[in-house]
Each structure stands twice: as C-alpha cells, then as structure tokens.
Amino acid sequence: MYKRLSAVLFPIVTLFMIGAFVWGYQENQEKNAVLIKAENQYQRAFHDLSYHMDRLHSELGNTLAVSSTSNAMHRKGLINVWRLTSEAQNEINQLPLTMLPFNKTEDFLSRISNFSYQTSMRNLDKEPLSQDEFKNLKALYKNSADITKDLQTVQSKVIQNRLRWMDVESAMATEEKALDNTIIDGFKTVDKRVGEYPELNWGPAVSSIYDKRSVKMLSGVSVSKEDIKRKAAKFADAGSKASIQVTENGKGTDWESYTATVKSKNLPAIVSMDFTKKGGLLISYHDNRKIGKKSVTIKQAKEKANQFLNKKGYKDMTAVTADQYGNMGNLTYVSVQDGVLIYPEKITVRVGLDNGEVTGFQASDYVYEHKGKRNLPKPKMTIDEVRKKINPEFKETYSRLALIKDDQSKETLCYEFGGNINGARYRLYMDASDGSEKIVEELKSSDQQAAVK
C-alpha cells in the first residue's frame with residue numbers, strides 16, 4: 001500500500017518542486033530584468049544630465065563671446081540655454097532624488113530657464129540685453145562651470161567604481177548608509193555649492209514668477225477674531241444670533257489668515273469664509289448647502305451672480321467666462337474701469353443651478369491685485385489697425401479693450417478679440433501699442449458665450 005502510494009505521490013511532488021523552481025527562476029529573471037532596465041534608465045539620465053550641463057556652460061560662453069550688439073545671436077544663444085536647461089531639469093526628475101535635498105539646484109535651473117526664455121522672447125532690437133543681464137550671464141557662466149565640474153567628478157567615480165543608482169534608493173532609506181554613499185555625497189556637494197551662490201538680479205519678469213503672495217503685500221492693520229466675527233455675520237446676512245467660530249491660520253508666517261464658520265437659522269446650511277489677518281479682507285466664501293436638480297440656465301445664474309456681487313460691494317464687475325458642470329455653474333468676473341476689463345482683478349463665482357443662488361467664490365486675485373482707480377495707458381493703435389494683423393480666417397464675434405498680465409508678468413493694455421477659427425472658439429489679446437499677439441486662448445465650453453454677451 002505504501003509503495004503504491006509513494007509511486008503515485010513521488011512523481012506529483014517532483015513535478016510540483018520542478019514547477020516551483022521554474023516559477024521562482026522566472027520570477028527572479030523578470031525581477032532582475034526590471035532592475036537592470038531601471039538601472040540603465042538612471043545611468044542614462046545621469047550621464048545625459050552631466051552632458052547637458054556641460055553644453056549649457058558652453059552655450060552661455062558662446063552667448064557672451066559675440067558682440068554686445070549681436071541681438072540675433074543673443075536670441076539664438078538664450079533659446080539654446082532655455083532648451084538645455086529644460087533638458088537638465090527633465091533628467092533630474094528621472095533620477096531617484098526625491099528624498100535627497102537637491103531643491104537649491106532645481107530652483108537655480110528653473111530660474112535660468114525662465115530668465116533665458118523671458119529674455120529671448122522679447123524684442124531685443126528694441127530692448128537689447130542690459131548691463132545687469134550681461135552681468136547675470138557672466139555669473140551663470142561661472143556657476144555652471146562649477147556645477148559641471150562637480151557632476152563630472154561624480155560621473156568619473158560612478159564609472160571607475162561601477163556604482164549603481166539602484167543602491168542610491170536603498171542608501172537614502174537609511175541615514176547611516178546615505179552618509180557614505182558617493183553619489184549622494186556628490187549631489188549634496190552640488191546643492192550646497194549652489195546654495196552659496198549670491199542672489200542674482202533676475203529682473204521683475206522672472207522674480208514675479210517666484211514672488212509668493214503674503215500679508216506683507218496688503219495695506220491696513222491686523223484685525224482681531226472679534227472683527228472677523230462681525231465681518232462674517234454681515235457678509236453672510238446671518239443675523240445677531242448666529243453662532244460664529246473663528247480659527248487663526250498660519251500664525252507667525254507670511255500667510256496669516258482667519259477662517260470663520262457661521263451657523264444661523266437665517267442660513268440654509270453652514271457657511272465658511274476665509275479672511276486675511278491684515279486688513280480683514282475676504283478671500284473666499286463657501287455655502288455648504290446641498291445642490292438640487294438643475295432648473296435654471298447659466299444665463300439666469302449669471303444675473304443672480306451679478307446681483308450678489310453688487311450687493312456685497314464688488315462694484316463694476318463683469319463676467320468674462322461661464323462654465324457649467326452638472327448642476328453647478330462657475331463664472332469668472334473681472335473689474336471694469338472706463339470700459340477696460342482689468343483681468344488681474346479676478347473673482348471666480350460658483351452658482352447652484354437649482355435656484356441660481358451663489359454658493360461660493362474665490363477672490364484672492366482681486367484682494368492682492370485691486371489697486372483702486374488705475375492710471376490706464378492710452379492705445380497707440382486703433383482697433384482697426386490692430387485688426388489687420390489678425391489671421392484673415394479668424395471670424396470675429398466681439399472686441400473690447402482689456403488690461404492683462406503678459407508672459408513677463410507686465411500689465412499690458414490689449415485689444416481682446418473673440419471669434420472662431422479651425423472649428424474652435426478663441427480669444428486673442430493683441431498689444432494696443434504695437435499690435436503684437438500677447439496671448440491666444442482657446443475657449444472650451446459652449447456656455448462661455450453667455451458670459452460675453
């Protein structure tokens with residue numbers, strides 16, 4: 001009996017063992033293949049990073065080598081600098097450096113990228129490189145040489161010692177190992193050196209990209225929690241018996257604010273509002289009521305939103321876009337002064353399409369950009385002169401004057417043209433001083449037409 005049972009089970013067990021061995025071998029092979037592929041990708045990204053940083057250094061040198069009046073060569077050089085910097089940023093993102101402090105180098109490359117792009121895009125014949133910008137290029141040339149040398153040192157050690165990037169991930173998981181890792185130490189050296197560079201004058205166009213809005217930008221004095229309670233009760237029409245809780249956010253930072261939560265019999269649901277601590281300005285408003293089935297049009301909702309803003313003290317605002325998402329509508333409003341749309345002063349309003357009532361809005365752009373009455377420039381070209389510069393296939397539906405912020409964050413007076421081309425709807429913003437195109441914007445929603453009528 002035992003012999004017969006063994007004769008049956010032994011082959012079965014043997015087959016299972018062989019199958020398990022084959023399966024384990026295949027799993028191991030597949031795992032190794034994945035690891036090898038990842039290692040190859042890391043090695044390629046690292047060597048490409050070193051190569052592009054070297055090229056970046058050379059391109060900066062080429063740009064400085066030509067005559068100070070060679071505007072065409074300056075443009076070409078700056079475009080190449082922007083392209084190479086973008087390549088280097090992309091390669092850094094492919095490396096396993098998420099746990100490693102390398103943010104100073106990434107920020108440095110980002111600023112070079114924005115500086116070279118913004119400078120190359122302007123009309124260098126009318127506005128050639130300034131002495132400060134040449135000074136920047138010389139500093140970047142020297143700094144990029146240092147970074148390239150440090151990366152090449154790491155690269156040499158990687159090749160000589162056959163170091164693996166896969167070991168970097170495991171080394172970063174334990175601090176003790178990370179301290180002795182050649183690759184990690186090399187990148188820390190680069191980042192430390194970059195952090196010691198003196199701050200450059202990047203100019204307002206680049207600096208504005210990195211400027212963070214803070215309470216320091218606002219006028220007025222700091223307000224108390226009791227002040228916020230009064231402001232919240234008044235704005236929400238909550239009545240004298242409302243229950244209002246106020247919490248302070250970001251104490252001691254540049255983003256100090258208050259959040260007010262309002263409960264009242266006068267309100268269908270809890271309302272929450274955010275205010276700046278300095279000046280007590282309303283940043284956002286949110287009504288938590290449940291939205292029912294859609295029963296009003298986006299046009300009717302816009303009329304309700306107009307009434308709401310006017311009642312709450314936001315005068316001279318007009319809707320420029322209107323989008324519909326299910327039973328909700330989102331409208332964007334901007335200020336109007338002397339018939340000119342002031343796009344930096346923007347408020348986004350959310351409306352329930354069950355009854356058209358406003359359920360919330362976001363006014364941070366308005367809070368930080370509203371400057372009272374502006375000294376608006378006069379157009380140097382007529383609208384008909386600018387219209388001649390538009391693609392003849394563009395079918396215009398409306399036009400108006402607008403103040404926008406261009407790619408260099410400069411406020412620019414433009415003629416705004418709405419219309420159709422290539423089966424899609426667009427807005428074109430043309431500089432009112434020279435007729436150049438500042439922004440081209442495709443409009444996605446069919447409901448947006450309701451906002452411009």
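Reader: Which residue forms a salt bridge with Arg 387?
Author: A salt bridge here is a side-chain nitrogen of Lys or Arg within 4 Å of a carboxyl oxygen of Asp or Glu. For Arg 387, the closest N and O atoms of such a pair are 2.6 Å apart. This is a predicted model, where local features need pLDDT of at least 70, side-chain atom pairs count only at pLDDT 80 or more, and totals for chains, interfaces and linings use all residues. The partner of Arg 387 is Asp 384.

Reader: In which helix do Arg 387 and Asp 384 both lie?
Author: Residues are numbered from 1 along each chain as its sequence is written, and side-chain values use heavy atoms, leaving out hydrogens and water. Helices (H or I, at least four residues) and strands (E, at least two) are DSSP runs, numbered from the N terminus. An α-helix has 3.6 residues a turn, so residues three or four places apart point the same way. Arg 387 and Asp 384 are three residues apart, about one turn, and both lie in helix H12.

Reader: Is Arg 387 buried, exposed or partly exposed?
Author: Buried means under 20% relative accessible area, exposed over 50%, and partly exposed in between (1.4 Å probe, protein chains only). The relative accessible area of Arg 387 is 28%, so Arg 387 is partly exposed.

Reader: Are Asp 354 and Arg 289 buried or exposed?
Author: These two form a salt bridge, with the closest N and O atoms 2.8 Å apart. The pair links distant parts of the chain, 65 residues apart: Asp 354 is in the loop between strands E7 and E8, and Arg 289 is in the loop between strand E4 and helix H10. As for cover, Asp 354 and Arg 289 are both buried.

Reader: And are Lys 373 and Asp 338 buried or exposed?
Author: Their side chains meet in a salt bridge too (3.6 Å, N to O). Lys 373 sits in the loop between helices H11 and H12, and Asp 338 in the loop between strands E6 and E7, 35 residues apart. Lys 373 and Asp 338 are both exposed.

Reader: How many salt bridges does the structure hold?
Author: Some are joined up: Arg 400, Glu 416, Arg 427 and Glu 441 are linked in a network. For the structure, the number of salt bridges is 22.

Reader: How far apart are the end C-alpha atoms of helix H4?
Author: Start with the expected span of a helix, which is 1.5 Å times one less than its number of residues. Helix H4 (residues 131-161) has 31 residues, so H4 should span 45 Å. The model agrees, as the end C-alpha atoms are apart by 45 Å.

Reader: How many residues are in the largest nonpolar core?
Author: A nonpolar core is a set of buried Ala, Val, Leu, Ile, Met, Phe, Trp, Tyr and Cys residues joined through side-chain atoms within 4.5 Å. Val 262, Met 273, Tyr 314, Val 349 and Phe 361 touch the most other members of the largest one. Apart from that core lies another of 34 residues, including Phe 46 and Trp 202. The number of residues in the largest core is 39.

Reader: What share of the chain's residues is buried?
Author: The chain comes to 13 helices and twelve strands. Of its 453 residues, the buried share is 45%.
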